[in-house]
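Please keep the sequence and the 3D view open while reading.

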Amino acid sequence: MKKITFLLLLQSTIFFSQTSDEAMLKQIYKSALTESSCYHWLDDLSNKVGQRLSGSKGAEQGVRYTKQQLETLGLDNVYLQEVMVPKWVRGEKEVAYVQLGKNKISFPICALGLSVATPTKGVTAKVIEVKSLDELKALGTEKVKGNIIFFNRPMNPEFIETMNAYGNCVDQRSSGAREAGKLGAVAVIVRSMNLRLDDFPHTGMTNYKDTPQQERIPAAAISTNGAEALSKLLKDRPNAKMYFKQSCEQLDDVLSYNVIGEIKGTEHPERIMVVGGHLDSWDLGDGSQDDGAGCMQSMAVLELFKKLQYKPKNTIRVVLFMNEENGVRGGDKYAQIAKEKRENHIFAMESDSGGFSPRGFSIESDAASFTKISGWKKLFEPYLIHIFEKGHSGTDIEPIESPQITKVGLHPDSQRYFDYHHAANDTFDAVNKRELELGAATMASLIYLFDQYN
């Protein structure tokens, strides 16, 4: 009889907990969809501040704007965390064309981040098309030296998860200039990381690593339509030469900031839960999808808790990281200071995959935490959240170390993300208000549950 009574009591406790959590999630989603400021904030950040490349005036204004908005929320603490960041400037608009007799065929290009410039008068050389780094290396110095290498491996459309398609071909952008330079190439042109055929070249960082400055060669992205056209031209005219000019420049590092706000925990203020995105962006568009959306969603998590008068057990801290795009200095600095202070981080969540409809979470944790989070699937079903999978959480939260920490990445629908990623069309008009707000509610809901049952 005692056993039966205990089981009934346990079942009633679980049922009460579930219904209580269901009610809280319903309130979170309702508040996010009816009174969240995240879309308004993003409008201001995108259209009044604009691009926020690390070290730029825009990045400085972005820091100032987000700090001001966090201060209006009545948080327990809002502050800036100093971080030195690289200052790379694009310079005048890039030019690339092939001269065929009297006809000049131009191609849409943009310098890759941290690339060096061409000589002042540009460079003219024969173009050699390759599909991979291995194909480049197989050519050897004799065939590569003195030429422009054109990396033309498209994102594989067979991958349903477009992040996998991106990961499958981004090595040509990140390592192409470094490897081609070793073989004597004078420059590289890289097909944009984009599944769609359009005329927008997509930038992104190229990594020279320890290549001496004088041996670095210029690198640019070409639009997908441009890549198709150039490839076709080279089949007809294999000895065609391209003129290529860009004037980007690497300046001295400058002071910038991570922007931080927090609500202190009522029971365990020493336990910290982080939610964030990266405040910097590339300079072609205004960075609405990458990653203005993630920053505004992260700020909205704290706004929602304040509106709902939810008092977390653990300290919840929003961090808007600086310099994810070309250095991860903000993420590294945050982790360094947290380690020096011996802060105990139990949870970190990042949103850096665009402001599209949320589908679930990518989780890095021990087996017990993964099982615990997966057990909340039922609570998320009414909101069409169904992905609970192990995987990468986020670049900026990756450096954070604590004895027991669960890291989570928001997993939005990614089918359209690479249409905008690092391109001039990454602008506010590409963000859907409702989708952005649903993402903020999904993040807040998981953070609420982890705060309750970590």
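**Backbone exceptions, helices and spaces**

Asp 291 is found in helix α8 (residues 288-307); helices (H or I, at least four residues) and strands (E, at least two) are DSSP runs, numbered from the N terminus. The model is predicted, so local features need pLDDT of at least 70 and side-chain atom pairs count only at pLDDT 80 or more, while totals for chains, interfaces and linings use all residues. Residues are numbered from 1 along each chain as its sequence is written, and side-chain values use heavy atoms, with hydrogens and water left out.

**Backbone geometry**

- Most residues other than glycine have a negative phi, and most peptide bonds are trans.
- The peptide bond from Asp 290 to Asp 291 is cis, and its omega is near 5°.
- Leu 114, although not a glycine, has a positive phi of about 70°; Leu 114 sits in the loop between β4 (109-111) and β5 (123-130).
- Leu 384 is not a glycine either, yet has a positive phi of about 65°.
- Leu 384 belongs to the loop between α11 and β15, and is exposed, with a relative accessible area of 62% (buried means under 20% relative accessible area, exposed over 50%, partly exposed in between, with a 1.4 Å probe and protein chains only).

**Helix α2**

- Helix α2 (residues 38-49) has 12 residues and spans 15 Å from its first C-alpha to its last, close to the 16 Å expected at 1.5 Å a residue (the expected span is 1.5 Å times one less than the number of residues).
- Its buried residues are Cys 38, Trp 41, Leu 42, Asp 44, Leu 45, Ser 46 and Val 49.
- These buried residues of α2 pack against α3 (57-71), α8 and α13 (contact means heavy atoms within 4.5 Å).

**Helix α10**

- In helix α10 (residues 367-374), Ser 369, Phe 370, Ile 373 and Ser 374 are buried.
- Seen down the axis of α10, the buried residues fall within an arc of 130°, so they line one face of the helix (the arc is that of the directions from the helix axis to the C-beta atoms).
- The face of α10 turned away from the buried side carries the exposed residues Ala 367, Ala 368 and Thr 371.
- The cover over the buried residues of α10 includes β14 (358-364), α11 (377-380), β15 (387-390), β16 (406-412) and α13 (433-453).

**Largest pocket**

- The largest pocket has a volume of about 960 Å³.
- On a 1 Å grid over the protein atoms alone, a cavity is a set of points where a 1.4 Å probe fits but cannot get out, and a pocket is an open set with protein on both sides within 12 Å along at least five of seven lines; lining residues have an atom within 4 Å of a point.
- Grid points are joined across faces, edges and corners, and a volume is the space filled by probe spheres set on the points.
- Of the 36 residues lining the largest pocket, Met 163, Tyr 166, Glu 324, His 392 and Thr 395 are the closest to its centre.
- The largest share of this lining, 4 residues, comes from β16.
- The lining of the largest pocket has 10 nonpolar, 18 polar and 8 charged residues (Ala, Val, Leu, Ile, Met, Phe, Trp, Tyr, Cys and Pro count as nonpolar, Asp, Glu, Lys and Arg as charged, and the others, Gly among them, as polar).

**Cavity**

- The structure holds 1 cavity of 30 Å³ or more.
- The largest cavity has about 50 Å³ of space, and its lining includes Trp 282, Asp 290, Glu 325 and His 422.
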